[in-house]
Amino acid sequence: MNKIELYSAVINDMVSIARQVKEERQNNVRKGKYINVFTLWNHFSGLTEPIHSRILHFFLSSDSMHGQGYLFLALFLKRIGIDIQECDEWVTTAEIGRVDVMLKRFHPRSVIIIENKSNWAGDQPNQLYRYWFENIHRSEEDCHSDFYDSHPEYKIVYLVPNKDKQLSDNSMERPIDYPENLPPILPIKPYIFSFEEEISDWLNECIESLPKENTPLINLIYQYKEYCKNL
């Protein structure tokens with residue numbers, strides 16, 4: 001086979017593969033495999049960061065219409081080293097005050113702050129430090145980083161689309177108008193979670209925890225997971 005014949009064969013193969021891919025895609029479209037309620041939602045009105053926060057609140061709240069109680073919350077908390085006990089009472093809020101999502105337990109006291117950067121927004125000056133001061137800090141004891149080694153019930157989760165989004169140093173610095181006896185740098189180390197990795201894995205666990213016949217909820221979680229791959 002000479003070079004011209006070889007090039008011709010390669011081109012024919014490429015055309016054949018492209019035709020097969022196109023036919024497969026058209027077949028999937030007819031079967032509705034690409035329908036995604038979140039993509040449609042974004043097309044019409046946009047899925048802003050507050051909307052993502054409320055979607056997370058829906059999954060993490062024990063009294064949501066998903067009807068699974070603490071199931072999804074327990075799977076999320078386990079990822080950051082917290083186990084739910086039978087007598088626990090957790091409250092989940094979204095877009096209350098300046099915190100995107102907050103998980104609170106009153107006995108024993110626990111506070112999980114989730115800072116949602118789903119739309120790649122930049123950090124505000126001293127942002128995480130302020131959230132720690134307003135929602136976690138109570139005493140001189142919790143101003144030291146070793147406090148959190150023995151108190152895993154306090155966490156800050158910095159949630160990004162993927163790990164290309166970096167947490168700014170300024171977000172963790174003490175504001176200039178705060179008392180100087182406070183630590184100069186945020187004493188609690190934030191967890192860096194991404195929708196692409198940790199949230200996707202958590203949503204997979206949520207799907208696996210459901211009975212197979214709960215197809216409406218399984219499909220909803222799956223569609224959100226797929227949508228979040230391309231934030």
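## The overall picture

Of the contacts in the protein with a separation of 6 or more, 66% come from residues 24 or more positions apart; contact here means heavy atoms within 4.5 Å. This is a predicted model, where local features need pLDDT of at least 70 and side-chain atom pairs count only at pLDDT 80 or more, while totals for chains, interfaces and linings use all residues. Residues are numbered from 1 along each chain as its sequence is written, and side-chain values use heavy atoms, with hydrogens and water left out.

The protein has seven helices and five strands, running α-α-α-α-β-β-β-α-β-β-α-α from the N terminus. Both are DSSP runs numbered from the N terminus: H or I over at least four residues for helices, E over at least two for strands. Of its 231 residues, 43% count as buried (under 20% relative accessible area; exposed is over 50%, partly exposed in between, using a 1.4 Å probe and protein chains only).

## Helix 7 and its neighbours

Helix 7 (residues 215–227) has 13 residues and reaches 18 Å from first C-alpha to last, close to the 18 Å expected at 1.5 Å a residue (that is, 1.5 Å times one less than the number of residues). Its buried residues are Leu217, Ile218, Ile221, Gln223, Tyr224, Lys225 and Tyr227. They pack against helix 2, helix 3, helix 4 (71–79) and helix 6 (195–208).

## Two helix pairs

Take helix 2 (residues 37–44) to start with: it packs on helix 7 at about 55°, axes 8 Å apart. (Axes are lines fitted to C-alpha atoms, for helices over the stretch in contact, and angles run from 0 to 180 degrees between N-to-C directions.) That angle makes the pair oblique, as angles under 35 degrees count as roughly parallel, over 145 as roughly antiparallel, 65 to 115 as roughly perpendicular and the rest as oblique. Val37, Phe38, Thr39 and Asn42 of helix 2 meet Leu220, Gln223, Tyr224 and Tyr227 of helix 7.

Helix 3 (residues 49–60) packs on helix 7 at about 145°, with axes 13 Å apart. His52, Ile55, Phe58 and Phe59 of helix 3 touch Leu220, Ile221, Tyr224 and Tyr227 of helix 7.

## Arg54 on helix 3

Arg54 sits in helix 3 and counts as partly exposed because its relative accessibility is 47%. Leaving aside neighbours within four places in sequence, Arg54 contacts Ala94 and Glu95. Ala94 is 40 residues away along the chain, yet the two C-alpha atoms are separated by 5.8 Å.
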